[in-house]
Amino acid sequence: MNLTGETKLFIGVIVGTIAIIVAAAVLMSRPTPPAPTYTREQLIPAGTNTKGTASASAFLVEFSDFQCPSCKAFSTVVDTLAEKYKDKLQFAYRHFPLDQHPFSRTAAAAAEAAGKQGKFFEASTYLFANQTNFSDEFFTKAGASLTLDTTQYEKDRNSDETKKKIDDDRFFADTARLPGTPTFYLNGRQLTVYDTAELIKAVEEAVK
């Protein structure tokens with residue numbers, strides 16, 4: 001049977017479409033591999049800003065962005081949990097500055113500079129509270145607002161060491177393919193939480 005060129009083309013399109021559908025069905029039928037579990041040392045490297053008890057059996061790590069509205073929404077609950085369970089829980093904050101937030105890295109550097117003077121978490125609270133006020137001038141004045149040594153603050157927030165620390169956190173987040181901010185790890189496993197109530201429940205179960 002002789003087929004016209006149009007018929008051959010049509011059959012080719014049909015066969016190709018069937019092949020794509022079969023391939024997609026095979027891929028979709030494969031089980032999704034579980035998210036990796038990390039050790040405390042992997043998630044909380046030396047120099048990470050932490051609260052609570054380092055030897056606590058439970059540890060919560062947050063990858064966050066100071067210019068992220070969702071991170072701000074979670075921040076008060078995270079602070080409450082860290083304080084309430086400070087004897088049973090170690091909390092660690094790591095940076096995941098998102099590219100769409102123009103001041104996210106600047107804010108992270110400001111917090112790190114404050115951390116050099118023992119005020120990382122005071123800076124964290126201040127930054128989230130003033131999230132909508134971010135500007136170059138805001139960060140210049142932030143050192144004085146936090147009663148820091150402003151000369152040292154400026155030096156630290158612009159240092160290569162500070163930049164590297166933020167870059168290292170971001171590299172981990174990218175390598176682990178974190179879905180966004182905030183992302184939480186509880187006892188080494190990534191949490192899937194859609195609101196603060198789910199986070200509270202997960203932490204309270206972990207510290208029982």
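This is a predicted model: local features need pLDDT of at least 70, side-chain atom pairs count only at pLDDT 80 or more; totals for chains, interfaces and linings use all residues.
Local features here need pLDDT of at least 70 and side-chain atom pairs count only at pLDDT 80 or more, whereas totals for chains, interfaces and linings use all residues. Residues are numbered from 1 along each chain as its sequence is written, and side-chain values use heavy atoms, with hydrogens and water left out.

Reader: How many helices and strands does the protein have?
Author: Helices (H or I, at least four residues) and strands (E, at least two) are taken as DSSP runs, numbered from the N terminus. Along the sequence they follow the pattern α-α-β-β-α-β-α-α-α-α-α-β-β-α. The protein has 9 helices and 5 strands.

Reader: Is helix 4 parallel or oblique to helix 7?
Author: Helix 4 (residues 104-115) and helix 7 (residues 150-157) pack with their axes 8 Å apart and at an angle of about 130 degrees, where axes are lines fitted to C-alpha atoms over the stretch in contact and angles run from 0 to 180 degrees between N-to-C directions. Angles under 35 degrees count as roughly parallel, over 145 as roughly antiparallel, 65 to 115 as roughly perpendicular and the rest as oblique. Helix 4 is therefore, relative to helix 7, oblique.

Reader: What percentage of the residues in the protein is buried?
Author: Buried means under 20% relative accessible area, calculated with a 1.4 Å probe and protein chains only. Of the 208 residues in the protein, the buried ones make up 41%.

Notes: Buried means under 20% relative accessible area, exposed over 50%, partly exposed in between (1.4 Å probe, protein chains only).
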